[in-house]
Amino acid sequence: MEHPFPRYVNPHLGELLRTVQLDKRFVRGEGAWLWDADGRRYLDFIAAYGALPFGFNPPRIWDALEEVRRTGEPSFIQPSYLDAAGELARRLIELTGGDLDYVTFTNSGAESTEAAIKLARAATRRKRILATKNSFHGKTMGALSATGRNSYQDAFYVPFEGFDFVPYGDVDAIREALAARPGEYAAVMLEPIQGEGGIVVPPPGYLKAVEELAREHGALFVLDEVQTGLGRTGVMFRYQTEGVKPDVVTLAKALGGGLFPIGAMLCRAEVYTEAFATKHSSTFAGNTLGARVGLAVLDWLTEDDGALLKNVQRLGGRLLEGLQELQRRYPHVIREVRGTGFMLGIDFGIDRRTFGTGPGSMMGIMAEQELLTPAIASYLLNRQGLRVAPTLNGASVIRIEPPLIVDEEHCDTALAALDDVCRVLAEGNTGQLLAHLVGREEPVPAPVRRPEDDIAAPEGPEPDEGHFAFLVHPLDMGNYPEFDRSLEPYTEEEMQRLSERFNALIEPFVIGKTRFVSETGQKVYGEFVVVPRTTEQLIHGSRQENLAVVARAVELARQRGAGIVGLGAYTAIVSRSGRALKDRRVALTTGNSYTVVAAIEALLEAAERLGEDLTESRAAVVGATGSIGRGTALLLGPEVRELVLIGNPRSGEKAVERLRAVAAELFRSLLTEAAAGRAFAEGTIGRWLLAQPGRPAADASDEELAAWTEGLLARDDCPVHLTVDVDGALRQAQMVVIATSSAEEFVTPEMLRHGAVVCDMSRPPNVSRRVEAERPDVLVLDGGVIEVPGKPWFGWDFGYERGLAYACMSETMMLALERDYRDTSLGTDLTPQSMLRFRDLARKHGFKLAGLRSFDRPVTEQRWQQLLEARARAPVAAPAEAFGPPGAPRPGPRPGVGTGLTALGAGGDVPSRAPFLSASASSQRSAL
């Protein structure tokens with residue numbers, strides 16, 4: 001059954017706690033210990049951020065409450081003389097040593113801050129409040145206005161006018177701010193030690209100097225001791241160790257003894273005005289129960305000459321020494337240990353550079369996105385049974401704030417647990433740090449460093465070079481170890497659990513950087529930005545949420561200075577080739593143009609080596625209505641005898657309608673090229689088309705062309721076929737190009753013709769790995785793997801050897817080299833001319849096909865021989881025609897015409913022929 005807390009109280013916090021596995025149900029607490037619903041015991045070193053001075057359920061505080069019940073002392077009796085409140089106020093004033101005179105009771109620290117702001121404004125008749133950055137004074141509107149953290153303020157349209165902030169610990173900043181607005185500030189408000197800011201201790205003399213400046217400018221000196229006060233630092237009030245006399249001190253947390261909410265604002269008589277006294281009140285403030293609890297707290301803190309506070313000083317020093325020893329042992333993990341008494345903080349210094357420049361470990365990225373300390377807290381809770389928490393504003397800091405009643409054994413237990421997590425962090429072992437989140441009990445070994453982890457990454461772009469960014473995402477669970485090698489031991493199920501927990505928390509991030517020089521001498525700098533979603537999540541998740549995360553990745557790239565952003569893999573599909581991204585302010589490319597070119601290069605190279613004649617081949621394009629499939633049809637159509645355009649069977653008649661549109665575009669493209677003087681080889685679709693009577697002009701209207709296309713497609717001898725029958729079509733095709741948005745491996749061994757050549761451009765691939773094992777006669781090519789000029793290191797390897805990239809990445813790089821920061825290859829508006837432009841740019845800058853590759857590996861000579869032997873065993877009988885007779889007999893290729901790649905505009909005896917055809921086998925090989 002769903003727990004009522006996320007259901008009825010706070011679903012967002014509930015989900016966050018579940019995600020990082022801090023969603024414990026604690027059913028019993030005693031002293032420094034908690035027990036969960038399963039009976040496991042936990043050592044609590046949070047103490048409710050200081051509100052549990054004596055741990056859970058302290059008997060002496062319960063006795064104070066029970067005494068009120070026993071005597072029948074009334075509560076909530078305003079207006080009258082309040083006995084308990086008066087006695088508590090007297091005791092508090094006595095503990096200040098006469099520095100302060102009056103107490104205004106509240107119900108929380110935030111209310112104490114509110115009272116202080118009102119008091120200061122009433123006393124000075126001024127409005128402005130000067131506070132410090134990264135401070136925390138509460139979450140009511142006035143207190144939040146004095147809190148120096150935008151992330152807590154923006155949603156509530158605060159701070160209100162009149163609140164200013166300066167860096168904490170900077171006396172000169174205080175001086176300059178007060179001087180800039182003479183006579184305007186009612187108060188300077190500080191924490192003696194910033195708590196939520198990361199346990200930040202100010203430099204010696206800071207508080208005294210600020211006090212003097214406040215006095216000089218007629219502003220009240222307000223100290224927030226909500227966390228530091230009442231024993232937390234080993235003294236009653238922290239300000240008493242600094243030699244200062246504040247005008248106002250705020251208290252709460254510990255004053256309630258861990259059982260009852262109560263706060264207080266203490267002030268000097270000189271600043272307590274009639275206006276404040278008569279116009280500020282609170283229904284529940286000063287109630288009898290709270291006051292009696294407060295008196296019991298003070299009794300405990302002061303008994304035996306303050307023995308408990310002295311113990312806090314002693315054990316606080318022991319803890320501090322232990323933490324400093326951990327810092328000496330793990331200097332790359334712990335940046336600093338700060339604090340005093342039982343208010344300590346561990347500042348973790350892990351960043352991108354801790355584990356080298358390669359992906360290495362996700363810890364640096366988690367730290368960058370303020371997720372590392374929650375993960376540390378989760379590890380300590382679930383693995384070691386130690387309860388700690390990050391500070392709210394200091395995201396790299398874990399607070400160590402135990403109850404004041406802990407002993408040596410408690411402290412040693414906590415230090416041992418912290419030692420364990422520091423070891424895991426020092427190893428860069430994300431897999432072990434997060435193993436409890438995926439239910440993994442078996443230890444994860446520390447990852448082994450590789451030489452590339454220490455390759456220096458470029459710091460940023462230089463003025464004379466292009467700048468690109470490219471969006472990537474995990475195709476499947478198997479990609480996660482490419483981001484972090486410590487995840488390699490995880491099973492697929494464990495990876496799935498980790499992805500489900502963390503992907504929604506992690507924002508886009510830069511995984512790698514590169515710089516290289518093209519063959520022209522032009523330089524380019526680039527960054528690879530990870531969209532933290534798998535293919536399955538992008539396909540089946542909320543389109544609105546997925547589009548939003550892609551938009552944030554594009555914006556990150558823009559903010560980092562990219563002139564062109566490439567949309568990799570499913571980020572292009574989610575964003576409808578970028579057209580769904582609004583107000584992006586940066587140029588985009590899908591990289592589809594060069595992807596098509598590179599795929600056909602691979603297909604034609606394989607055809608040449610196998611001796612296949614394209615003019616006698618039937619080619620099939622799976623996913624022909626998509627951008628890449630459509631572009632492939634336009635470039636491959638002129639080269640082959642027949643072309644089968646295959647649509648999505650789930651789309652039915654709509655798919656066929658779209659296929660008709662692709663066929664019409666192909667016919668228009670052929671007519672346009674013929675009008676420009678191109679001659680098509682005998683036996684090709686282009687030659688057949690030009691022989692048809694009544695053909696329209698190349699610039700005919702869409703309606704006229706569609707009608708003509710409809711008539712051609714209805715003829716038995718038409719060499720272009722439309723179908724949604726993937727199985728039947730593939731059984732008859734010698735050449736197959738697959739370019740779908742499906743994440744499934746739906747092309748199986750039994751679907752392919754003997755000796756077929758298949759170019760799979762889909763990622764994840766659509767061709768089952770069974771084909772590799774069961775069909776040695778079939779050559780499956782990876783589409784579009786390119787060798788980048790100079791074979792640079794990209795900061796990670798994408799699963800390939802160094803210097804190899806996808807063609808879509810290469811297109812993005814080429815545009816940056818050209819400083820061509822315009823939208824490119826978006827939508828379905830790829831034309832043969834626009835696609836072949838990238839063939840020319842590739843030749844210009846030195847990008848080239850990285851040989852023939854199959855199932856993410858180079859095709860070896862041994863594999864090639866196996867392929868040739870298996871193809872030699874081909875059936876003698878030709879398979880039945882799936883689409884009817886091809887019509888008139890097809891003559892063989894014209895003498896002297898090969899089937900390889902042209903030298904990109906180089907000579908040849910047929911200059912007006914297809915761009916991918918060359919005049920001789922030797923020129924084919926030189927082009928490759």
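The structure is a predicted model, in which local features need pLDDT of at least 70 and side-chain atom pairs count only at pLDDT 80 or more, while totals for chains, interfaces and linings use all residues. Residues are numbered from 1 along each chain as its sequence is written, and side-chain values use heavy atoms, with hydrogens and water left out.

**Surroundings of Met813**

Met813 belongs to helix α29 (residues 807–817); helices here are DSSP runs of H or I with at least four residues, strands are runs of E with at least two, and both are numbered from the N terminus. Apart from neighbours within four places in sequence, Met813 is in contact (heavy atoms within 4.5 Å) with Phe468, Phe516, Val524, Phe528, Val788, Phe794, Ala805 and Phe847. Tyr525 is 288 residues away from Met813 along the chain, yet their C-alpha atoms are separated by 8.6 Å.

**Helix packing**

Two packed helices are described by the angle between their axes and the distance between the axes. Axes are lines fitted to C-alpha atoms, for helices over the stretch in contact, and angles run from 0 to 180 degrees between N-to-C directions.

| Helix pair | Angle | Axis distance |
|---|---|---|
| α23 (residues 627–636) and α30 (residues 832–845) | about 85° | 10 Å |
| α9 (residues 171–180) and α10 (residues 206–216) | about 10° | 10 Å |

The angle of about 85° between α23 and α30 makes α23 roughly perpendicular to α30 (65 to 115 degrees). In this pair, Gly631, Leu634 and Leu635 of α23 meet Pro832, Met835 and Leu836 of α30.

Helices α9 and α10 are, by contrast, roughly parallel to each other (under 35 degrees). Val171, Ile174, Arg175 and Leu178 of α9 make the contact with Tyr206, Ala209, Val210, Leu213 and Ala214 of α10.

**The protein as a whole**

The protein contains 32 helices and 31 strands, and its C-alpha atoms fill a box of roughly 115 × 55 × 50 Å along the principal axes. Of its 928 residues, 58% count as buried. Among contacts with a separation of 6 or more, 72% are between residues 24 or more positions apart.

The accessible surface, from the Shrake-Rupley method with a 1.4 Å probe, comes to about 37,200 Å², and 51% of it belongs to carbon and sulfur atoms.

Conventions:
Buried means under 20% relative accessible area, exposed over 50%, partly exposed in between (1.4 Å probe, protein chains only). Angles under 35 degrees count as roughly parallel, over 145 as roughly antiparallel, 65 to 115 as roughly perpendicular and the rest as oblique.
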